[in-house]
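User: I have a model open and want to go through it with you. Can you take me through the packing and a few single residues?

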Amino acid sequence: MRSRTGLVALVIFVLAAAVACTSNTDSRSSSPASPTTTAAHHATDTTGTPAAANASPKELGAQFEQLLGQHALLAMRLTRSEVTNASDFGQVAETSLEANTDALSQLVGTAYDDTQGDRFQQLWKGYVTDLSAYANSAASQDASAKQAARAELMAYCDDYGAWLAGASNGQVRAGDAVRTARTRVVGLIKQVDAYAARDYDQAYKIEREAYQNTFTAGATLAKASVTPKAAASLDAPPERLRSAFAMLLGEHMELIIDAQRATFAGSNEFKAAAAQVNANSATLTQAMGTIVGPKKAAEFQTAWANHVEGLLAYSTAVAGNDEAAKATATQNLDGFAARLALFFSDIVRNALPVEALTDVLSVHDKHLIEQVNAYAANDYAKAQQMQLEGYQQMLGVANTLVGAIQKTVKPGLPVGGSKTGGGGTAQPPR
C-alpha cells in the first residue's frame, strides 16, 4: 500500500502536470457544463447507473472510479456495523453495498461482455461475504474463524487476478491484478482489526488509504476493456486532473459524513475521523497551490476551513439538540458557500458564475445537513440516500471545476506545493 506522503505527492504531481499540459489547449476545449445542471444530474444518479454500450473510455473510467471508491467506503461501514453490532444501520449498509455490487457488475458487463459481468459478480459477492465473515469473527474474537475468512479472501484475490487477465485478453497480467486485489483486501482487513481494537486513529487512516487505492484502480478496469490506443486517453492530463479532483472531493464528502456520525459515537472516534477530514483539506490546499500559487491557496485554506467547521458545528448542534446553534450554523454555512463560490469563480476568471457555484455548494451542504439530521433520527435509509446522492454530486462538481480550470488557468502561474500549511480544521464537539 502506498504511503500517505506518496499519495499526497502523487495527487499534487497529477494536478500540477495536468494544468501545465492542458492550459495551452484552451481554444480546443468545449465549454464546461453548467454547474447547476451537472450537479442536479449527479444528485439523482444514486446507484451509479452503468454507462451506455457506446460509452467512451473516459466515461467508463469515471464510472469505475466512482463505484469502486464507493464500494470501499460502504464495505468499511458495513464491517464497522458488524464489529459494533449496529444491526439497524448494518442492514442499510448491506443493501447499499449489494446495489453497488450490482452496478459494478453491470458496468463490467457493459465494458467487457455479459459473461464477464456475471463472473465478476460471482467473485465480488463471494469476496464481500468473506469480508463480512472476517468482521463478525473479529467482533466475536474468534481467531480460528478469522484465519479461515482471511484464507478465503486471499483465494479470492488469486481468482480475481486470473479473471481480469482473461477478461482483458492479457492486457493486465494476472500477477499484477492479484497484487492490486490484495492491496484492497488487506487494507480492508486491517481496517476491521484496527476498528475492533478501538484504534480509531489507525482505522480512519486506513480508510483514507483504502478509498484512494480502490478509487484509482478504476482506471485499470476501464483501460483493460478497450484497445491500448483508446486506453491512452485515460492518461491524458485533463482526465488525470478530473480524476484527482473527483477522488479528493468525494473523499471530502465521505470523511465529513464519518465525522458527523462519529459525533454520536464519542470524542475519541470523532477526533480520529476529524483528523482525516483535516488531512484531506491539507491535500486539497496543497493541490490548489500547484494551480493558483501560495497566496490564493491561503485564501482557499481559510474559506475551506470555515466550510468544514460550519458543517461540524451543525453536527454538534444536532447531537446536542440545540436548535439555536443549528440555526446559527445553517446561516453561517450559507455565508461560507458564497465565499467559496467567489473564490472558485475568481480563480477561473469568472468562467463560472458566482450564483451557480453558490447553488452547487449549497446543494453539497444540504446533502450533509439532511444526512446528519436523518442519522440522528435513526432514519438510516434516508441518511444513506443523502450520502449516495452527495457522493455522486462530487463527480459533477469535479467535472465543472476542471472544465473551467482547463480553459482559464495559464502555465505562467506558480507550480509547486503550497507553502500555506494544512487545510481546514475540524474541531472536537464541545
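**Packing and selected residues**

Analyst: Starting with W124: apart from neighbours within four places in sequence, W124 is in contact with L68, H71, T101, L104, Y156, Y160 and R184. Contact means heavy atoms within 4.5 Å.

User: What kind of model is this, and how are residues numbered?

Analyst: This is a predicted model; local features need pLDDT of at least 70, side-chain atom pairs count only at pLDDT 80 or more, and totals for chains, interfaces and linings use all residues. Residues are numbered from 1 along each chain as its sequence is written, and side-chain values use heavy atoms, with hydrogens and water left out.

User: How many helices and strands does the protein chain have?

Analyst: The protein chain has 15 helices and zero strands. Helices (H or I, at least four residues) and strands (E, at least two) are DSSP runs, numbered from the N terminus.

User: And what share of the residues counts as buried?

Analyst: Of the 430 residues in the protein chain, 57% count as buried. Buried means under 20% relative accessible area, exposed over 50%, and partly exposed in between, with a 1.4 Å probe and protein chains only.

User: What is the accessible surface of the protein chain?

Analyst: The accessible surface is about 17,100 Å², and 51% of that belongs to carbon and sulfur atoms. Accessible areas come from the Shrake-Rupley method with a 1.4 Å probe; for residues, only the protein chains shown count as cover.

User: What share of the contacts is between residues 24 or more positions apart?

Analyst: Among contacts in the protein chain with a separation of 6 or more, 79% are between residues 24 or more positions apart.

User: Back to W124. Which residues have the most contacts inside the largest nonpolar core?

Analyst: W124 is on that list, with Y160, W163, L164, F245 and F344; the core has 122 residues. Helix α12 (residues 267–319) gives the largest share of this core, 17 residues. A nonpolar core is a set of buried Ala, Val, Leu, Ile, Met, Phe, Trp, Tyr and Cys residues joined through side-chain atoms within 4.5 Å.

User: How do α8 and α12 cross?

Analyst: The axes of α8 (residues 200–216) and α12 come within 8 Å and cross at roughly 35 degrees. Axes are lines fitted to C-alpha atoms, for helices over the stretch in contact, and angles run from 0 to 180 degrees between N-to-C directions. The crossing of α8 past α12 is right-handed, a term used if the near helix is turned clockwise from the far one by less than a right angle, and left-handed if anticlockwise.

User: Which residues meet there?

Analyst: From α8, Y200, D201, Y204, K205 and R208 meet N268, E269, A272, A273, Q276, A279, N280 and T283 of α12. By type, the residues of this contact divide into five nonpolar, four polar and four charged. Ala, Val, Leu, Ile, Met, Phe, Trp, Tyr, Cys and Pro count as nonpolar, Asp, Glu, Lys and Arg as charged, and the others, Gly among them, as polar.

User: New topic. Is Q66 buried or exposed?

Analyst: Q66 counts as buried because its relative accessible area is 3%. Q66 sits in helix α3 (residues 57–83). Leaving aside neighbours within four places in sequence, Q66 is in contact with F215, A246, Y391, Q392 and L395.

User: What about S96, which residues does S96 touch?

Analyst: S96 touches L74, Q384 and L388, not counting residues up to four places away in sequence. S96 belongs to helix α4 (residues 87–111) and is buried, at 11% relative accessibility. S96 and A75 are 21 residues apart in sequence, with 9.5 Å between their C-alpha atoms.

User: And where is K223?

Analyst: K223 is in helix α9 (residues 218–224). Its relative accessible area is 25%, so K223 is partly exposed. K223 and P57 are 166 residues apart along the chain, yet their C-alpha atoms are separated by 7.1 Å. Leaving aside neighbours within four places in sequence, K223 is in contact with Q171, A231, L234 and D235.

User: Last one, the backbone. What is the phi of N321?

Analyst: N321 has a positive phi of about 55 degrees although it is not a glycine. N321 lies in the loop between α12 and α13 (323–347) and is exposed at 66% relative accessibility. R349 also has a positive phi of about 55 degrees without being a glycine. R349 is in the loop between α13 and α14 (354–376), and R349 is exposed, with a relative accessible area of 52%.
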